[in-house]
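Subject: Structure handover

Hello,

I am passing on the structure you will be working with. Please open it and keep it in view while you read the notes that follow.

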Amino acid sequence: MKNYFRKHKLALGSLAVLGLLNICQANNDMDSYIDDLMTRMTIAEKVGQLNQAAIGFDVTGPHTSTHVEDKIRNGLIGSILNSHTVPVVRTLQKMAVEETRLHIPLLFGYDVIHGHSTIFPIPLGISASWDLDAIETSASIAAAEASSQGLNWTFSPMVDIARDPRWGRVAEGAGEDSYYGSLVAAAMVRGYQGSDLSATNTILACVKHFGLYGAAIAGRDYNTVDMSLVQMYEDYLPPYQAAVEAGVGSAMTSFNDINGVPATGNKWLLTSLLRDDWKFDGFVVTDYNAIAEMIAHGYSPDGYYAAKSALDAGVDMDMVDECFLHNLEKLVTDGKISESQIDTACRRILEAKYKLGLFADPYHYLDQDRADSEILKKENRDFARELAQKSCVLLKNQNSVLPLTNGAKIALVGPLANTRFDLLGCWWAAGSEDSVVSVYDGLKNAVGSENIILARGADVSDDKFLIDRMGGGIARDGRPAEEMLNEAIAAAQQSDIIVAVVGEHSSMSGEAKSRTDISIPESQQRLMRALKQTGKPLVLVLMNGRPLALEWEYANADAILETWFAGVEGGNAIADVLCGKYNPSGKLTMSFPLNAGQIPVYYNIKSTGRPFNPGDNALYRSAYIDAANEPLLPFGFGLSYTSFEYSNITLDKNTLTSDGKITATVTITNTGDKTGIETVQLYTRDMFASITPPLKRLRSFERVTLAAGESKAVTFEITEPMLRFYNSKLEHLSEPGEFRLYIGTNSRDCKEASFQLK
Ligand code: NOJ
C-alpha cells in the first residue's frame with residue numbers, strides 16, 4: 001500500500017481528499033440513478049418498495065403474507081423476509097427484475113442472529129467472551145454464509161439492554177451494561193457490513209429493537225415501557241447510537257410503547273432522536289406486524305390511521321402487515337400525508353439496494369459454488385468451536401474438581417446431555433441440528449465412549465402449564481420419570497464423577513418466552529438432588545438463554561460451567577473446557593440473581609438515601625428482610641482453572657483536568673499453574689453529582705493472557721470524557737469533584753483508588 005502511495009506521489013492527505021471525492025462521486029451517481037428511477041415510478045410502485053412480505057421456510061410472526069408472487073410481479077413488494085438459498089432467491093429475484101415494469105430488485109432479509117448455517121453460541125453467550133474481535137468475526141462469517149445463499153440483509157444486531165432475566169429475549173443481546181453493549185453493537189455492525197456493502201460477502205445490518213424493548217415491564221414480552229429520559233439516555237439508548245455511529249444501514253422499530261407512544265408511531269424516537277440528533281441515514285423497518293399492532297395498543301383506530309402514524313413518525317418499510325400497501329395512496333389522496341413523505345421513504349430503501357450493488361447486478365449474491373464452499377466450511381466450524389470455548393463461564397470450581405481427571409469414569413446425565421437441537425438456541429437461521437455436535441458426542445470425541453455412562457435422568461420439564469403454553473414444544477423422552485431417575489442414579493454410582501447437563505430447553509428463551517420463575521425446572525431439580533445424594537462429585541453444565549436463579553445449585557454442586565446454547569460446535573467446545581484443553585475465560589454480562597424476587601437486578605445500581613451494607617441492621621434500610629440485596633453472581637463474574645491476584649491500584653496523579661489524563665496501573669499475577677485469560681475491568685463512581693450516580697459504571701476493560709506465575713502491569717488511561725453522564729437537561733458532561741476508581745475481576749471484587757476531577 002505504502003509503495004503505491006510513493007509511486008503515485010500521493011500524500012495521505014490528498015488520498016483522503018480523493019477518497020472523499022470518490023464517495024461524493026458514488027453518491028452523485030446513486031442520487032442521479034435514483035432520481036431518474038423515481039421519476040418513472042407510480043405512487044403505487046413507490047409504496048410497493050415500502051412493503052415487506054414474509055414468504056419461505058420460516059414463520060417468525062403471527063401471520064404470513066399472501067399472493068406474494070403476484071404482488072412481486074406487480075411491483076408491490078420491495079423486500080422479502082424468510083427466504084434464502086440460491087434457487088429460491090433467484091426465482092423471486094427474477095420475478096422482480098425480469099417480470100416487472102421497472103425491474104427493481106428485491107431486498108432479502110432474514111434473522112441471521114448468531115450465525116447463518118454455522119451457528120455460534122447465542123448472543124448473550126458470545127457477549128460473555130468479552131472478545132470484540134471475535135464477536136466481529138462471528139458477524140462477518142455469518143454475513144459471508146448468509147450472502148452466499150442470496151441474503152443481503154440481517155435483522156441483527158439486537159442491542160436491547162436487559163436487566164430483567166424473566167424476559168426471554170435477553171438471550172439475543174449483550175446483557176445489562178450500556179458501555180459494553182455499545183462496543184458489541186458496533187463490532188457486530190462492522191462484522192456484517194464490512195468496509196464495502198456492495199461486496200458479495202457483506203450484508204446490511206439492522207439495529208433493533210428501537211427502542212428500549214429490553215425494559216418491558218415485568219419482563220413480559222411486548223409489554224409497556226415507561227422510563228425517564230435520563231435513564232433512557234444513560235442506560236438504554238447508547239448501544240443503538242453506537243450502531244448508528246458504526247454506520248448501520250437499517251433500524252427496526254420495537255413492539256413496545258414508550259411512555260405511552262408505540263415505538264412504531266413514535267416521531268420523537270424515529271425522527272428527532274434517530275435522524276435529527278444521531279444523523280442516521282439508513283432506513284427504518286417496523287418489526288413484524290407492528291404498524292397494525294398500534295390498533296391493539298389503543299393508539300390507532302384502524303390500519304389507515306396506523307399507517308399514517310407510522311409514516312409520520314419516520315417508518316420507511318412495513319414488515320408484513322401491509323398497512324402501508326393498503327392505505328398510503330389513499331392517505332395521499334385524502335390529503336393526510338404528502339407524496340413527498342412516501343418519496344423520502346422509497347428513496348431510502350432504493351439507496352440501500354443501490355449500496356448493496358443490487359442495481360448493478362441483482363444476482364450478484366447468488367452463486368451456488370460460493371454457497372457450497374462457504375456454508376459450514378471447516379474454518380467456520382473451527383472458529384465456532386473457539387468462540388463457544390470463549391463464551392463458557394466457569395461459575396464455581398470447588399476443590400478444582402474441573403478439569404476432569406484423565407481416565408475418570410463420567411456419568412453424563414441430564415435431559416440436555418444428548419441433544420443437538422438445543423445447542424442451536426433461539427433463532428438458528430439456516431442452522432440444522434444435523435450439523436450440531438452434542439455434549440455427548442463432544443465428550444466421546446475427547447475421552448472415548450468407554451469412559452462415559454449416559455443417562456437422561458429427567459425431562460427438561462414436567463410442568464403441564466409450561467408445556468401447554470409452549471405448544472408442547474419440549475422434547476420428552478416418554479419413559480416414566482422414576483425409571484429415568486433410577487437409571488441416572490445407577491450411572492452416577494458406577495462413575496467417578498457426575499457431569500449433569502441441565503437448564504432450559506432452547507425454546508424456553510427467545511421471543512415470547514418470558515418466565516416468572518427463572519430456576520431450573522423441578523423435574524431437573526429432583527434429578528440434581530438425587531445425584532447429590534450419591535456423594536459423587538457433581539459438575540453442572542448449564543444450558544440456558546437467560547440468567548437463572550441457582551441458589552441450591554451454587555450451594556450444592558462442586559462445579560458449575562455456564563455454556564448457554566453453544567452452537568454447532570458446542571459439544572466439542574464444552575468438552576474442551578471440561579477436559580482442560582481450554583481454560584475458561586468468559587465473564588457474565590448479566591447478573592445472576594438469587595431469586596426472581598430481586599429482579600430487576602444489575603450491577604450499576606444507585607446508593608439510595610438509606611444504603612444497606614451487609615452486616616448492618618436492615619431496619620429502615622434499603623434491603624430485603626428475606627434475602628440479600630446482592631445477586632448470586634455479579635456482572636463481570638467468571639472463574640478460571642488458574643487464579644489471578646490483583647495488586648493495589650497506583651495512579652500517576654490524583655487530579656484530573658478536562659484535557660489531561662490519569663494513568664492507573666494494576667499488576668495482575670497468575671498465581672496458579674495454568675496459562676489463563678483474565679478480563680480486567682475498570683469501573684468509576686462519581687461520589688456526588690447533579691443526578692444521583694450509580695455505585696459503579698464500567699468504563700474500560702482489557703483481556704490479558706498470563707502464563708502460570710507470570711505478572712503483567714495493566715494500565716488504563718482515565719480521561720474526562722470517560723466520566724460523563726446525562727444531566728437533567730440531557731447534556732452529556734462531567735462534574736468536578738471526587739471520583740472512585742475500581743479495577744477488578746468482576747463488578748463486585750475490585751481494588752479501589754480515588755482522584756479528583758478539576
Ligand atoms: C419479530 C422479532 O421481534 C424480530 O426480532 C425479528 O427480526 C422479526 N420478527 C422478523 O422475524
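**What was found**

Helix α7 passes α8 in a right-handed crossing. A crossing is called right-handed if the near helix is turned clockwise from the far one by less than a right angle, and left-handed if anticlockwise. Helices here (H or I, at least four residues) and strands (E, at least two) are DSSP runs, numbered from the N terminus.

This is a predicted model, in which local features need pLDDT of at least 70 and side-chain atom pairs count only at pLDDT 80 or more, while totals for chains, interfaces and linings use all residues. Residues are numbered from 1 along each chain as its sequence is written, and side-chain values use heavy atoms, with hydrogens and water left out.

**The helix pair**

Two packed helices are described by the angle between their axes and the distance between the axes. For α7 and α8 (residues 178-193), the angle is about 35° and the axes are 7 Å apart. The axes are lines fitted to C-alpha atoms, for helices over the stretch in contact, and angles run from 0 to 180 degrees between N-to-C directions. On the α7 side the contact (heavy atoms within 4.5 Å) is made by L132, I135, E136, A139, S140, A142 and A143. On the α8 side the residues include Y180, L183, V184, A187 and M188.

**Confidence**

pLDDT is the predictor's confidence in each residue, from 0 to 100. The protein chain has a mean pLDDT of 95, and 96% of its residues reach 70 or more. Within the chain, confidence is lowest in helix α1 (residues 2-7), with a mean of 32, and highest in β16, at 99. Residues 1-21 have a pLDDT below 50, and this stretch makes five contacts in the model beyond near neighbours in sequence.

Helix α5 covers residues 86-98, which makes 13 residues. From its first C-alpha to its last it reaches 17 Å, close to the 18 Å expected at 1.5 Å a residue; the expected span is 1.5 Å times one less than the number of residues. Which residues of α5 are buried? They are V86, V89, L92, Q93, M95, A96 and V97. Buried means under 20% relative accessible area, exposed over 50%, and partly exposed in between (1.4 Å probe, protein chains only). Among the elements that cover these buried residues are α4 (68-73), β2 (79-81), β3 (107-110), α7 (132-148) and α16 (368-374).

Helix α9 (residues 229-236) is mostly covered, with six of its eight residues buried. These are V230, M232, Y233, E234, D235 and Y236. The buried residues of α9 pack against α8, α10 (238-245), β7 (257-258), α11 (267-277), β22 (697-706) and β24 (725-726).

**Strands**

Strands of a sheet pair through backbone hydrogen bonds, either parallel or antiparallel. Two strands count as paired here if DSSP finds at least two bridges between them. I80 has F108 in β3 as its bridge partner.

Strand β11 (residues 393-397) has five of its five residues buried, so it is largely enclosed by the rest of the structure. It pairs with β16 (residues 559-562) in the antiparallel sense over four bridges. V393 has E562 in β16 as its bridge partner.

**Single residues**

N556 is in helix α22 (residues 551-556). Is N556 buried or exposed? It is buried, because its relative accessible area is 19%. Leaving aside residues up to four places away in sequence, N556 touches K396 and K532.

Most residues other than glycine have a negative phi, and most peptide bonds are trans. The loop between β11 and β12 (410-413) holds S400, which has a positive phi near 45° and counts as exposed at 55% relative accessibility. P403 is in that loop too, and the peptide bond from L402 to P403 is cis, with omega near -5°.

The loop between α23 (570-578) and β17 (644-646) holds P600. The peptide bond from I599 to P600 is cis, with omega near 0°. Y620 is also found between α23 and β17; its phi is positive, near 55°, and at 63% relative accessibility Y620 counts as exposed.

Regards
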